[in-house]
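Here's a quick tour of a predicted model. Have the sequence and the 3D view open as you read.

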Amino acid sequence: MTTSNLDRQHITDVLLTYCVAIDSFDFQRLADLLVPGVVVRYQGHEPMVGVDDVVAFVASYCERIAWQQHVPTPMSVEVDGDTARATSYVTVHSVRRDDPDHVTVTVGDYSDTLVRTADGW
């Protein structure tokens, strides 16, 4: 199915906003991006179901972080009706509160499934 440029831009905006919300420790903004019943699987952790569980996990993880910056690169977006699949590569620079002189660089990828709601993607 053909992905419109407008859909692609809106989905990319969601992916970027996810990273900005986490980097700015704006957990309400993160919650606003997620749909009820969301399922999130972070590597090395059991899947989480529901907005509250996901936001609580991210907030708890971020307690140890003094500063972080996610640098995502959306690589592919495929839309099928009101569902989209996106793959992004991400590089994260972070500084832990207990080690402020050391920058950690982490790389990974996101495989996301998004749904279009009345409010958009």
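## The sheet and its pairing

Strands β3 and β4 run antiparallel and are joined by 14 bridges. Strands here are DSSP E runs of at least two residues, helices are H or I runs of at least four, and both are numbered from the N terminus; two strands pair if DSSP finds at least two bridges between them. Val 79 has Ala 84 in β4 as its bridge partner. The β3–β4 hairpin has two residues between its strands, and Gly 81 takes a positive phi near 70° there.

Next along, β4 (residues 83-96) is antiparallel to β5, with 13 bridges joining them. Look for Val 92, whose bridge partner in β5 is Thr 106, and for Ser 94, which has Thr 104 in β5 as its partner. A hairpin of six residues takes the chain from β4 to β5.

Put together, that's an open sheet of three strands in the order β3-β4-β5, paired antiparallel. The edges are β3 (65-80) and β5, each pairing on one side only. Neighbouring strands in this sheet are turned by 20° against each other on average, direction ignored. Helix α1 (residues 5-23) packs on the sheet and touches β3, β4 and β5, with its direction at about 160° to that of β3. Axes are lines fitted to C-alpha atoms, for helices over the stretch in contact, and angles run from 0 to 180 degrees between N-to-C directions; contact means heavy atoms within 4.5 Å.

Is Val 95 buried or exposed? Val 95, in strand β4, counts as buried because its relative accessibility is 11%. The cut-offs are under 20% relative accessible area for buried, over 50% for exposed, and partly exposed in between (1.4 Å probe, protein chains only). Setting aside neighbours within four places in sequence, Val 95 contacts Arg 64, Ile 65, Ala 66, Trp 67, Pro 100, His 102 and Val 103.

Val 107 sits in strand β5 and is exposed, at 63% relative accessible area.

## A nonpolar patch

Trp 67, Val 103, Val 105 and Val 107 make a nonpolar surface patch of about 400 Å². Strand β5 (residues 103-115) gives the largest share, three residues.

## About the numbers

Residues are numbered from 1 along each chain as its sequence is written, and side-chain values use heavy atoms, with hydrogens and water left out. Since this is a predicted model, local features need pLDDT of at least 70 and side-chain atom pairs count only at pLDDT 80 or more, while totals for chains, interfaces and linings use all residues.

Methods: Patches are made of residues with over 30% relative accessible area and no salt bridge: like charges are joined within 9 Å, nonpolar side chains (Val, Leu, Ile, Met, Phe, Trp, Tyr) within 5 Å. Accessible areas come from the Shrake-Rupley method with a 1.4 Å probe; for residues, only the protein chains shown count as cover. A salt bridge is a side-chain nitrogen of Lys or Arg within 4 Å of a carboxyl oxygen of Asp or Glu.
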